[in-house]
Amino acid sequence: MDEQQLRVFIDIVSQYFEKQTGKAPDVGSPYLGDASSLPIYDFTGVIGISGERQGCVYVTAHRDLLRQLLLHVGESDVSDNNLSDLVGEVANTISGNARRYFGPDFMISVPVVVSGNARAIQVPRSVKAYILPLRWHKFEAALVVSLQ
Amino acid sequence: MALKLMIVDDSNIIRSKINRTLSQHNMEVVASASNGEDAVKLFTTHKPDVVTMDLTMPRMDGLECIRALRKINPGIRILVVSALADKSTAIQALKEGAQGFLCKPFSEADLTEAIEELLGDD
């Protein structure tokens with residue numbers, strides 16, 4: 001991935017929060033992460049990517065961030081089921097929106113959501129994973145993009 | 001008389017948001033489904049006038065579901081509500097028989113406007 005492609009994801013995640021809540025997140029400096037030390041918060045939504053590009057995109061967020069985000073989108077049910085649903089939907093929306101730039105061969109899976117210590121998440125070990133730290137209000141999350 | 005609406009999306013939150021928004025605009029939600037297969041079954045039973053349709057779903061995706069629904073009722077009005085933001089996906093959905101395309105994320109105003117456009121002079 002090059003800088004321009006990374007910028008695509010920064011713009012999309014910023015626009016997502018802006019559109020849904022009126023407040024864009026603070027995006028920290030992107031950095032390269034090792035497959036064994038990627039950020040994992042309370043809920044993680046993973047989208048598998050196939051086609052011309054292969055790998056995964058995932059969104060991981062603190063419970064409190066997702067709770068606030070749910071309330072902002074008008075959903076009063078902040079159960080764990082809805083927090084899981086939301087993190088999957090955020091990952092799905094960001095990945096789907098990326099097709100505007102990458103085209104229809106950027107094929108996305110349905111989201112897989114894991115909660116807690118998501119040891120099951122595997123990014124391609126041969127590919128660099130870019131981590132975009134996010135802070136929205138005072139809560140933390142991250143967008144991780146690992147694409148061949 | 002309220003129009004009958006079916007919502008098809010694998011996200012409970014999206015189904016809930018569409019339900020909340022369109023229930024205030026003379027639409028009665030008669031069915032909701034989280035995948036295309038269930039949508040086809042519910043469509044036959046509930047005979048909605050309008051369908052909102054996600055594309056990326058388990059078991060049967062939205063494009064396949066649109067084809068199936070159009071076979072049952074060629075006059076059904078379908079608004080695709082999807083995160084897939086490339087032009088070719090929107091064009092393909094319209095070719096399959098959808099009449100409108102709304103890209104996620106969307107606001108309540110975006111959804112209302114898209115439905116009003118879909119319904120035209122009704």
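**Chains A and B: reasons behind the labels**

In this predicted model, 22 residues of chain A are in contact with 24 residues of chain B.

Q: Why is the pair B:Arg20 and A:Glu75 called a salt bridge?
A: Happy to walk through it! The N to O distance between these side chains is 3.6 Å. A salt bridge needs a Lys or Arg side-chain nitrogen within 4 Å of an Asp or Glu carboxyl oxygen, so the pair qualifies. The count between chain A and chain B is four salt bridges.

Q: Which element gives the most to the side of chain A that touches chain B?
A: That is α3(A), with eight residues. The residues on this side divide into eight nonpolar, eight polar and six charged.

Q: What makes A:His137 partly exposed?
A: Its relative accessibility is 38%. Buried means under 20% and exposed means over 50%, so A:His137 falls in between and counts as partly exposed. A:His137 sits in the loop between β7 (129–136) and β8 (139–147) of chain A, and has a positive phi of about 55 degrees although it is not a glycine.

Q: Why is B:Arg59 called exposed?
A: Here the relative accessibility is 56%. The label asks for over 50%, so B:Arg59 counts as exposed. You will find B:Arg59 in the loop between β3 (50–53) and α3 (62–72) of chain B, with a positive phi of about 70 degrees.

Q: What is omega for the cis peptide bond that joins B:Lys104 and B:Pro105?
A: Omega is about 0 degrees there. B:Pro105 lies in the loop between β5 (100–103) and α5 (108–119) of chain B.

Conventions
Residues numbered from 1 in each chain as written. Chains lettered and ligands numbered in written order. Predicted model: local features only at pLDDT ≥ 70, side-chain atom pairs only at ≥ 80, totals over all residues. Heavy atoms only, no water. Contact = heavy atoms within 4.5 Å. Helix = DSSP H or I, 4+ residues; strand = E, 2+ residues; numbered from the N terminus. Nonpolar A, V, L, I, M, F, W, Y, C, P; charged D, E, K, R; others polar. Buried < 20%, exposed > 50% of the residue type's maximum accessible area, 1.4 Å probe, protein only.
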